[in-house]
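Let's take a walk through this fold, strand by strand. Have the sequence and the model side by side, and we'll begin with a single pair of residues.

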Amino acid sequence: REFVFCNAGSSIPITAISDGFPPGSLFYNEYPVTSSSIQYSITNPFPASSGTINYFAVPPGASEGCNFPYTIKITNIVNTPTAVTNLTYCQGDEAVALSATKSNNSNILFYYDSPTGTAQLSLIPSTAQPGQHTYYVAEAASGSCVGPKLPIVVTINAAPVAPTSGGDQNVCTNQTLTQTLTATATGGTITWYDAATNGNVIANPTQVGVGSTTYYAQSSNGT
């Protein structure tokens, strides 16, 4: 049989193994047992080395050749993945899924929205609330064998308030026909567009001659 452990620390106590065998069994690193064999006990626990190692249990009063072979498989995940640990968005922006690079390609990556959160294979940070939000990523051999978590800090900058328009500009045809629009923003700058969404940037929104044109002002606080 096989006993499986993850991030076991420095050693495996014999009590983690002994319940799987008859009471009073003795545990060795080899069989047949010789004077150079290693016996594992309460005071001499199993090593917690990564990998799979063969061991033998000898039940009490066993005749020669009677033993129970078994293996101890240990996975130790001590490394953290590499990730961009500081991301910045404007409030309400469309964020992309967090990403990281594994130190071991055979591992998988889990993302968390808190230190004790549920593991997720993909996580898109929320940009609804301004402030700093800490997420986490960790490498894992399985859903139950996870390494240390690496924090990923996402900063959401508050969106600036909508600018104040200088108002619609109207003029009769017998007056100057060139009109320039104005708008103001609190603590920010103004960018003009020729459409409400996906528009082109307009350096100087003007209307020349008879007719009308609608422009759209957006404020930015530089973050």
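Start at threonine 52, whose bridge partner in strand 7 is lysine 73. That bridge belongs to the antiparallel pairing of strand 6 (residues 51-58) with strand 7 (residues 68-75), which runs over seven bridges. Two strands count as paired here if DSSP finds at least two bridges between them. The strands themselves are DSSP runs of E with at least two residues, while helices are runs of H or I with at least four, and both are numbered from the N terminus.

Before going further, a word on what you are looking at. This is a predicted model, where local features need pLDDT of at least 70, side-chain atom pairs count only at pLDDT 80 or more, and totals for chains, interfaces and linings use all residues. Residues are numbered from 1 along each chain as its sequence is written, and side-chain values use heavy atoms, with hydrogens and water left out.

Back to strand 6 and its other neighbour. Strand 3 pairs with strand 6 in the antiparallel sense, over three bridges. Follow the residues across: leucine 26 stands opposite valine 58 in strand 6, and tyrosine 28 faces phenylalanine 56 in strand 6. As you look along these strands, keep in mind that in a regular strand the side chains alternate between the two faces of the sheet.

Now zoom out a bit. What is the strand order of the five-stranded open sheet? It reads 1-7-6-3-4, and the pairing is mixed. Strand 1 and strand 4 are the edges, each pairing on one side only.

The loop between strand 3 (26-28) and strand 4 (39-40) holds proline 32. The peptide bond between tyrosine 31 and proline 32 is cis, with omega at about 5 degrees.

Asparagine 7 has a positive phi of about 45 degrees, although it is not a glycine. Its relative accessibility is 33%, so asparagine 7 counts as partly exposed; the scale is buried for under 20% relative accessible area, exposed for over 50%, and partly exposed in between (1.4 Å probe, protein chains only).

Next, the cysteines. How many disulfides are there, if a disulfide is a pair of cysteine sulfur atoms within 2.5 Å? The count comes to one. Cysteine 6 and cysteine 145 form it, with their sulfur atoms 1.9 Å apart. The link of cysteine 6 and cysteine 145 is right-handed, with 85 degrees about the S-S bond. Because cysteine 6 lies in strand 1 and cysteine 145 in strand 13 (residues 145-146), the pair ties together parts that are 139 residues apart in sequence. Cysteine 6 is partly exposed at 26% relative accessibility, whereas cysteine 145 is buried at 5%. As for two further cysteines, cysteine 66 is partly exposed, with a relative accessible area of 31%, and cysteine 90 counts as buried at 18%.

Three strands form an open, antiparallel sheet in the order 19-18-21. Its edge strands are strand 19 and strand 21 (216-220), each of which pairs on one side only. Strand 18 and strand 19 pair over two bridges, in the antiparallel sense, and tyrosine 193 stands opposite valine 201 in strand 19.

The loop between strand 18 (189-193) and strand 19 (201-202) contains asparagine 198. Here, too, is a positive phi in a residue other than glycine: for asparagine 198 the value is near 55 degrees. Asparagine 198 counts as exposed, at 82% relative accessibility.

Finally, the overall picture. The protein chain has one helix and 21 strands. Buried residues make up 26% of its 223 residues. Take the contacts (heavy atoms within 4.5 Å) with a separation of 6 or more: residues 24 or more positions apart account for 57% of them. The chain exposes about 13400 Å², of which carbon and sulfur atoms supply 50%; accessible areas come from the Shrake-Rupley method with a 1.4 Å probe, and for residues, only the protein chains shown count as cover.

How far should you trust the details? The mean pLDDT, the predictor's confidence in each residue from 0 to 100, is 88 for the protein chain, and 89% of its residues reach 70 or more. Among the elements, strand 4 has the highest mean pLDDT (98) and strand 16 (residues 178-180) the lowest (64). Where pLDDT is low, the predicted coordinates should not be read in detail.

Key. A disulfide is a pair of cysteine sulfur atoms within 2.5 Å.
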